[in-house]
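Me: Please take a close look at one strand and its pairing partners. Before that, tell me which part of the model calls for caution.

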Amino acid sequence: MVLNSSIFGKIFFWLIRPFSFVLTKIKFLSPLNGRNRMNRVFPIRNPILWLVVLTSLLLSGCVKYDVGLNFDNSNSGELVQHIKLGERLTSFSGDSVYEWLNSIERRARQLEGKTQRVSQEEIIVTIPFSSGRELQEKFNEFFNSHTNQPSESVQGKSDSELPKIESNVLLEQNNFLLIVRNRLIYDLDLRSLSLIASKGNVLANAGSILDLEFSLKTPWGAKNIQLTETAIAPEKNGNRLVWKLQPGELNHIETVFWLPSPLGIGALLIILFVWGGFYLRYNFMPDPRIQFPAKAATAQEQ
């Protein structure tokens, strides 16, 4: 699951802007009520932490973004995205959120995909692919942070410092005639989503706002490979593996799976059909070299 970097940044800054007056009131009321009493009742001294608490309480589970790769065989599959926005988010950000969903629809159509608008806040995007190379091109083009920048000019200092999200998928395929071995590597850098920090220490848990998942479904299942510290252990549900992506961290996914090859299977069926024809012709039917001369001799005698 990957969020459009610039749009998400705008949404987040839009969300925290209404709470700025809370920080101001806390700053001016603390001398009146006594610093010691305030420290006993509200032990958190840093006002940014109050902003984090308020945002987490009001915006918990605001964005649910699921990205899935569904393979039928080595030459057929689809990239599916399911996005659902919470009512609290839409009530705060209004048209900005809906414009983000509209931009997703536009990019999907450019990649020959289709969209289903379940509701104003929920959308399902399906983008087909017919090969590993096409999957890589469409996936990286859709989620690349540079191509997803909005067309309008960026305004304000906060907009110029929006988080950057790097996403890259790599699919290596080895053909063994009837089956194809696939090695999928997916790197997603979500460290920029640790938006609220003080002196290098992350104060906000973006996981309380974002629910991000990546899934892989194949006919014969897949095997997860955990070689690095940033690799995520998936949950298995039948032939589907589901990874919970971690905002604020570097996510690495690596898996191996096998797929049937329609071209190889088709070629084998053609070979078997031709061989079966020759076998039937020369084992269960008379030899034409003997049958036809015998008939010609009988006709001459008559």
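Reply:

Where pLDDT is low, the predicted coordinates should not be read in detail. The protein averages a pLDDT of 74, and 61% of the residues score at least 70.

This is a predicted model: local features need pLDDT of at least 70, side-chain atom pairs count only at pLDDT 80 or more, and totals for chains, interfaces and linings use all residues. Residues are numbered from 1 along each chain as its sequence is written, and side-chain values use heavy atoms, leaving out hydrogens and water.

Now the strand. Strands (E, at least two residues) and helices (H or I, at least four) are DSSP runs, numbered from the N terminus. β1 spans residues 63–73 and is mostly covered. Nine of its eleven residues are buried, that is, under 20% relative accessible area with a 1.4 Å probe, protein chains only.

Two strands pair if DSSP finds at least two bridges between them. β1 pairs with β2 (residues 76–85) over ten bridges, in the antiparallel sense. Gly68 has Val80 in β2 as its bridge partner. Two residues lie between β1 and β2, which form a hairpin.

β9 (residues 210–217) runs parallel to β1, joined to β1 by eight bridges. There, Lys64 is partnered with Asp211 of β9.

Key
pLDDT = per-residue confidence, 0-100. Buried < 20%, exposed > 50% of the residue type's maximum accessible area, 1.4 Å probe, protein only.
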